[in-house]
Amino acid sequence: MLRNLLALRHIPQRTISTASRRQVANKVPEYQKIFQEDNGIPVYLKGGTTDALLYRLTMGLSVFGKQHLP
């Protein structure tokens, strides 16, 4: 019984100590520079190729859906 209580006491210490080692770099300032730059590109396309593909797919599906309405 005492061993079980001692084992439970160590579990929170392990999870807290391992969580502090995995810190992720803050990328918000980098994204702020990209999205606030005045380069004539619309904000919905500033994310790069992925944004352009998603935009074109959305526009294509919208036009295709509108043509096939009853």
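Modeller: pLDDT is the predictor's confidence in each residue, from 0 to 100. This is a predicted model: local features need pLDDT of at least 70, side-chain atom pairs count only at pLDDT 80 or more, and totals for chains, interfaces and linings use all residues. Residues are numbered from 1 along each chain as its sequence is written, and side-chain values use heavy atoms, with hydrogens and water left out.

Biologist: Which element of the protein chain has the lowest mean pLDDT?

Modeller: The chain average is 82, and 70% of residues reach 70 or more. H2 has the highest element mean, 93. The lowest, 61, belongs to residues 2-19, helix H1.

Biologist: What pattern does the protein chain follow along the sequence?

Modeller: Helices (H or I, at least four residues) and strands (E, at least two) are DSSP runs, numbered from the N terminus. The chain has three helices and zero strands. Read in order, the pattern is α-α-α.

Biologist: What share of the 70 residues is buried?

Modeller: Buried means under 20% relative accessible area, exposed over 50%, partly exposed in between (1.4 Å probe, protein chains only). The accessible surface (Shrake-Rupley, 1.4 Å probe; for residues, only the protein chains shown count as cover) is about 6,900 Å², with 62% on carbon and sulfur atoms. Of the 70 residues, the buried share is 3%.

Biologist: Which side chain of opposite charge is nearest to Lys 46?

Modeller: Lys 46 sits in the loop between helix H2 (28-36) and helix H3 (49-67). Lys 46 is buried but has no salt bridge, meaning a side-chain nitrogen of Lys or Arg within 4 Å of a carboxyl oxygen of Asp or Glu. Lys and Arg count as positive, Asp and Glu as negative; His and the chain ends are not counted. At 6.1 Å, the nearest opposite charge is Asp 38.

Biologist: What is the relative accessible area of Asp 51?

Modeller: Asp 51 is in helix H3. Beyond its neighbours within four places in sequence, Asp 51 is in contact (heavy atoms within 4.5 Å) with Tyr 44, Leu 45 and Lys 46. Asp 51 counts as partly exposed because its relative accessible area is 23%.

Biologist: Which element supplies the largest share of the nonpolar patch?

Modeller: Patch residues have over 30% relative accessible area and no salt bridge; like charges are joined within 9 Å, nonpolar side chains (Val, Leu, Ile, Met, Phe, Trp, Tyr) within 5 Å. This patch covers about 660 Å², with Tyr 31, Ile 34, Phe 35 and Tyr 44 among its members. H2 and H3 each supply at least two residues. The largest share, three residues, comes from H2.

Biologist: How far apart in space are Tyr 31 and Gly 47?

Modeller: Tyr 31 is in helix H2. Tyr 31 is partly exposed because its relative accessible area is 46%. Tyr 31 and Gly 47 are 16 residues apart in sequence, and their C-alpha to C-alpha distance is 9.1 Å.
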